[in-house]
Amino acid sequence: MCNAAALACLERMGQILPMTDRRLTPLAQSLPATVPFVAPERLEMERGAPFDARLGANELGFGPSPAAVDAMRAEIDRVWQYGIPDAAPLIEPLAAFLGVAHDTLSVGEGIDALLGNLVRLYVGQGDVVVTSDGAYPTFNYHVSNVGGRLVKVPFDGDHEDPTALIDAAAAHGAKLIYFSNPNNPMGTVHTAETVTQMIARVPEGSLLILDEAYAEFAPADCVPPIDTDDPRVIRFRTFSKAYGMAGARIGYAIGHPEVVGNFDRLRNHFGVNRIALFGAVAALNDQTYLQDTLARVAQGRARIEDIAQQNNLTTLPSAANFVAIDCGRDGAYARAVVAELAARGIFVRMPNVAPLDRCIRVSVGLDGELDAFAACLPAALEAAAATSS
Ligand SMILES: *Cc1c(COP(=O)(O)O)cnc(C)c1O
């Protein structure tokens, strides 16, 4: 009797608090509730001490232009005001800077949000999307969220493979093709000529996403000219990386007006906060600071390469603000290196699929942070070798 009552009670609870909330759409029920990125702050809480070097998230440790900081400080006093849905204060100078028309630009809460909106616009349940195995995971997350089907092609010699991506898109009738140049997590880059040839081969019915989160760091001949008459490609850039404003959340899309205009169908119109908006304007206007940043980042890359070399490790050529260090063994070893570095106060990340995961990914940081990395790496390598053999 007791059991029957308990069972009835459990049953009722099951209806009130089901394991999976049956009010969710079937698609939402099929999705795991996860936080795909573990924040360094979380890791610091777990280890009970702050990191000495924050080199894992491709942030700009030098911070944004002082002019951008001033603009954001000033804007705090107006934070009671809503943002500006058409982002006109940024669109104007951005259009002038890029030499494009206003209606070829759309501003959003970072590339991440823009990618999510693009996927919602173009991908329905079962639609195919092509990307590279090991490329930017946030994009994959958005595709899964709408029930899209991801087709992944392997990297080729630590580069994304334009030919294989286009071939797969043609073979599967893909709606979207994701390509980043330079790419994360390897930092390698293709020439503008290669990218232009890739755009020319985009199959009918597909849209090429050209993620240029790191374009500012890349050699000029790796950034194809912008052609907003071409509806086959949409490009994304951000203030998170070279402009040092990752926490502000602001990025933009460049493309054909009819493609870019689609964001207005479903974007979060007040998603970009006004502090970020005016910070971005000031950051864009301080190109002297950007050039200074690019020089410092190039020095930092050389320093990371040097540190790797001193430990008998090779590096991949990088066109971004991070360097992939080849640890020379398998993913388990590289994972152990990441863990041993973390235990010594150094936060880095790594690619998540083989064979890319033989590498660790080290972002350029402040001199003191790279000093700390250099000091800890030999012991971390040694400890990793002891645990993973
Ligand atoms: C960092 C990164 C982004 C994210 O940019 P946000 O503007 O901060 O959302 C997008 N794509 C790639 C390849 C990145 O590495």
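Biologist: Which residue of β8 is the bridge partner of glycine 108?

Modeller: This is a predicted model, where local features need pLDDT of at least 70, side-chain atom pairs count only at pLDDT 80 or more, and totals for chains, interfaces and linings use all residues. Residues are numbered from 1 along each chain as its sequence is written, and side-chain values use heavy atoms, with hydrogens and water left out. Strand β2 and strand β8 (residues 251–255) run antiparallel and are joined by 4 bridges; strands (E, at least two residues) and helices (H or I, at least four) are DSSP runs numbered from the N terminus. Within β8, glycine 108 is bridged to glycine 251.

Biologist: Which strands stand at the edges of the open sheet of 7 strands?

Modeller: The order is β2-β8-β7-β6-β5-β3-β4, with mixed pairing (two strands pair if DSSP finds at least two bridges between them). Each edge strand has a single partner, so one of its sides has no neighbour in the sheet. The edge strands are β2 (105–108) and β4 (149–153).

Biologist: What angle does the direction of α6 make with that of β7?

Modeller: From one strand to the next, the twist of this sheet averages 20°. Helix α6 packs on the sheet and touches β2, β5, β6 (207–211), β7 and β8 (contact means heavy atoms within 4.5 Å). Axes are lines fitted to C-alpha atoms, for helices over the stretch in contact, and angles run from 0 to 180 degrees between N-to-C directions. For α6 and β7 the angle is about 155°.

Biologist: In the sheet of 3 strands, which strands stand at the edges, and why is one side of each left without a neighbour?

Modeller: This open sheet has the order β9-β10-β12 and antiparallel pairing. 5 bridges join β10 (residues 322–326) to β12, with phenylalanine 322 bridged to serine 363.

Biologist: What angle does α12 make with β10?

Modeller: Helix α12 packs on this sheet and touches β9, β10 and β12. Its direction and that of β10 make an angle of about 15°.

Biologist: Which element gives the most to the lining of the largest pocket?

Modeller: On a 1 Å grid over the protein atoms alone, a pocket is an open set of points with protein on both sides within 12 Å along at least five of seven lines, a cavity is a set where a 1.4 Å probe fits but cannot get out, and lining residues have an atom within 4 Å of a point. The largest pocket has a volume of about 1200 Å³ (the space filled by probe spheres set on points joined across faces, edges and corners). Of its 46 lining residues, Phe37, Ala57, Tyr136, Arg349 and Arg361 are closest to the centre. With 4 residues, the element that gives the most is α13.

Biologist: Which element gives the largest share of the lining of the second largest pocket?

Modeller: The volume here is about 250 Å³. Of 17 lining residues, Phe97, Ala215, Glu216, Val223 and Arg237 lie nearest the centre. The largest share, 4 residues, comes from α12.

Biologist: Which residues lie closest to the centre of the largest cavity?

Modeller: The search finds 2 cavities of 30 Å³ or more, and the largest holds about 80 Å³ of space. Of the 14 residues lining the largest cavity, the closest to its centre are Val107, Gly108, Glu109, Arg267 and Val272.
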